[in-house]
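Please read these points with the structure open.

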Amino acid sequence: ETSRESKKDRINMENNNDGNAAAQESSGKSNRIPTRLHFQKEFRLNYGKLSASRMEKLTQTLQINTRLRLLNLESNGMEISEYEQLMQVLDSAAVLEILIIRGNNLGRFDLSMLARCLKHLTYLKNLDLGQNDLDDDAFHQIADSILTKLNLSRLSLKLASITFTGCHILAKLIRSSHGLQEINLSGNSIGDEGAILLVQALEANNNLHTLDLSSNNIGDGGGRALARWGESSKLLRSLNLYANFFTFKTALAIGELLKYNKSLHHLIYDENDTRHQGAISISEGLRRNSTLQTLGIYGNRLERHSAIMLADALVYNNSLTQLQLDFNDVGDEGAVALAQAVRVNESLLYLSLWNNEIGDLGGVALAGCLNDNSTLEFLNLFGNQLGDLTAKEFESAIRRNTGLKMLNLKLNRITPQWERTLEEVFKNREATLKI
């Protein structure tokens, strides 16, 4: 959503309520749009509300702006009549490439009007309609506009009330829009049947590299279908499956995806129900994988034996840079195994073990591994059971370690005296301590 154009080509009117001093200062008068808007390439009206007079001035200005590339109208509270004015102006904004209209409670009338308008925006590449209530009829009109006139590369429908019925329309769009590279469907309710429909469509799309299906009520049927598609995809780089209804059965398929996929960089699998049986498969996949950079697996009911399996994979994996294991049950035994892996691993930059029932035995091991590892930059041990023994080991290790940039020890059992000692150690370092 952020253009690479110079700041000189941007105008930002965020929080642009009437009477806003900054907005009035930039315009000279409260109802006057600056002349420079005639030449801007980015125009942001997000999180504000324009009066009727300012809307009129804005529409007049946009009618003669032939350079506009980005228009952000997120959560601006405009009324239907104001949208109608703006949509009429957008008909002439032929060079617009990015249009953001999320969070505006658009109704059927607004969406129908937008669908007609989209047919004129033939340069549009990025469309964000998230946080609007898209009923099936309105969504069908928008999809038809995209299919017949546009060649989108990114489409966001986050929190847009998309259900299984909407997936029929979306599947048709995916099959036909060969330029589509990113889809965000986070926070909808497509379920298993919707996920399977999308997978069938995705098999006909050879360009998609980013897919977000987090929080979509998908179970193992849809999860395994997605994993099988990902296993054979040659372009998939980012897959977000956060907070669905997956059990170890989907995790088994995810393990196979990790074994054979050669393009995936980011996998977010947090807040599912992997447990130990699924962790074994994911660990085996990670051990053989050479491309994955980020793995999020927090809140998956993993216990210490699962952590030991993941630690073994880290010894052999040389691509992973971020590992999130928060809200599991790693315990001391799992933390010791992870520490041994980090000691020899040369790629991991970020390790988060928030709330994992780790005591001093595991804490001392994790601190001690920093004596031999200068790669790790971020270590999060928030909310465990670490005491002064761990603090003492960190005090010694930090004096020798040159790589760590952030250490989080908040909400542990370290006494005030040792907290002050660690703060002193960090004073003369270009690093952050949270304690």
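1. Rings of Phe, Tyr and Trp (its six-membered ring) pair if their centres lie within 6.5 Å; planes under 30 degrees apart count as stacked, over 60 as edge-to-face and the rest as tilted. One aromatic cluster consists of Phe327, Trp354 and Phe382.

2. This is a predicted model, in which local features need pLDDT of at least 70 and side-chain atom pairs count only at pLDDT 80 or more, while totals for chains, interfaces and linings use all residues. Residues are numbered from 1 along each chain as its sequence is written, and side-chain values use heavy atoms, leaving out hydrogens and water.

3. There are 5 aromatic pairs by the ring rule. Phe246 and Tyr269 are stacked, because their ring centres are 5.8 Å apart and their planes lie at 10 degrees. Phe246 is in the loop between β9 (238-240) and α9 (248-260), and Tyr269 is in the loop between β10 (266-268) and α10 (275-288), 23 residues apart. (Helices, H or I of at least four residues, and strands, E of at least two, are DSSP runs numbered from the N terminus.)

4. Is Phe246 buried or exposed? Phe246 counts as buried, at 1% relative accessibility. Tyr269 is also buried, with a relative accessible area of 1%. (Buried means under 20% relative accessible area, exposed over 50%, partly exposed in between, with a 1.4 Å probe and protein chains only.)

5. Tyr350 and Phe378 are another stacked pair, 4.3 Å centre to centre with 10 degrees between the planes. Tyr350 lies in strand β13 (residues 350-352) and Phe378 in strand β14 (residues 378-380), so the pair ties together parts 28 residues apart in sequence.
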